[in-house]
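Please read the points with the sequence and the model side by side.

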Amino acid sequence: MPVSTPYQVLVVGNPVLNTRSDDVTDVDGKFVKLCEDMFTTMYAAPGIGLAAPQIGVQKRFFVYDLGAGDGQQVLINPEITGSGGEMEYFEGCLSIPGLHFDIVRPERIGVKGRDLEGNEVEFEADDLLARLIQHELDHLDGILMLERMDDDQRKQALKKIRELQMKAAGVPEPEPKRSFFRLR
Ligand code: NI
């Protein structure tokens, strides 16, 4: 039996994942509980970041935990204020389960937003944190990592996604073609 989690992570094909989310206006007790449930869902997946639209909540925030010293983080109404450099990273997404692709994005970014106490935060990030924030912020804009791939990668990814969807739907794999006539 799979472990039950507060939410199920939506997967590619769900239109919510292609929709731009709205700003968060109320950071209240209900919101804090929602974040807690998102962390539970994220750890169970397991993942290091989860954006609200991935559980069907069309609001601009995401939770993350890189497993380093900083622990659980929530970033609300985030914006990227600047970027520099380039970095290729073998990126995955809980909404595109099982697939990873080398994707190029800026290496460093400036970020601002709000934390769970409602304070304004502004900081610089690089490496894995910069990657995570860009990936999760894309979710808030309705952008999946498919849109960050080159044409060949996207073709390959879409093919694999179709295969996984058919498998999940219980469609049997096509039988290998047999020649009707025996060859001499
Ligand atoms: Ni993702």
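1. Phe90 stands opposite Asp102, a residue of strand E5. Strands E4 and E5 pair in the antiparallel sense, over six bridges. The model is a predicted one, and the remarks below should be read accordingly.

2. In a regular strand, side chains alternate between the two faces of the sheet. E5 has a covered face made of Phe101, Ile103 and Arg105. Its uncovered face carries His100, Asp102 and Val104.

3. Glu91 forms a salt bridge with Arg105, with the closest N and O atoms 2.8 Å apart. This pair joins distant parts of the chain, since Glu91 is in strand E4 and Arg105 in strand E5, 14 residues apart. Both Glu91 and Arg105 are buried.

4. Glu91 also meets Arg131 in a salt bridge, at 2.7 Å from N to O. Here the link runs from strand E4 to helix H2, across 40 residues. Glu91 counts as buried because its relative accessible area is 3%, and Arg131 is buried because its value is 2%. A network of salt bridges links Glu91, Arg105, Arg131, Asp138 and Arg148.

5. Helix H2 has 14 residues and reaches 21 Å from its first C-alpha to its last, close to the 20 Å expected. Twelve of these 14 residues are buried, so the helix is largely enclosed by the rest of the structure. Among the buried ones are Arg131, His135, Asp138 and His139.

6. Which residues coordinate the nickel ion? They are Cys93 through SG, and His135 and His139 through NE2 in each case, at 2.1 to 2.3 Å. Along the chain, the donors follow the spacing C-x41-H-x3-H. Cys93 is buried, with a relative accessible area of 9%, and so is His135, at 8%.

7. Asp141 forms a salt bridge with Arg60, the closest N and O atoms being 2.9 Å apart. Asp141 is in the loop between H2 and helix H3, whereas Arg60 is in the loop between E1 and E2, 81 residues apart. Asp141 is partly exposed, at 28% relative accessibility, but Arg60 is buried, at 5%. The count of salt bridges comes to twelve.

8. Asp65, in the loop between strands E2 and E3, deserves a separate remark. Asp65 is buried yet has no salt bridge, and the nearest side chain of opposite charge, Lys33, is 17 Å away. A polar atom of the Asp65 side chain does lie 2.8 Å from the backbone nitrogen of Gly67.

9. Most residues other than glycine have a negative phi, and most peptide bonds are trans. Asn77, in strand E3, has a positive phi of about 45° although it is not a glycine. Asp127, likewise not a glycine, has a positive phi of about 55°. Asp127 lies in helix H2 and is partly exposed, with a relative accessible area of 46%. Just after H2, Gly142 takes a positive phi of about 75°.

10. Finally, a cis peptide bond joins Ala45 and Pro46, with omega about -10°. Pro46 is placed in the loop between helix H1 and strand E1.

Key. Residues are numbered from 1 along each chain as its sequence is written. This is a predicted model: local features need pLDDT of at least 70, side-chain atom pairs count only at pLDDT 80 or more; totals for chains, interfaces and linings use all residues. Side-chain values use heavy atoms; hydrogens and water are left out. Donors are N, O and S atoms within 2.8 Å of the metal (3.2 Å for Na, K and Ca); water is not among the atoms, so sites may look incomplete. Buried means under 20% relative accessible area, exposed over 50%, partly exposed in between (1.4 Å probe, protein chains only). Helices (H or I, at least four residues) and strands (E, at least two) are DSSP runs, numbered from the N terminus. The expected span of a helix is 1.5 Å times one less than its number of residues. Two strands pair if DSSP finds at least two bridges between them. Lys and Arg count as positive and Asp and Glu as negative; His and the chain ends are not counted. A salt bridge is a side-chain nitrogen of Lys or Arg within 4 Å of a carboxyl oxygen of Asp or Glu. A polar contact is a pair of N or O atoms within 3.5 Å; within protein, one must be able to donate a hydrogen and the other to accept it, and residues adjacent in sequence count only if both atoms are side-chain atoms.
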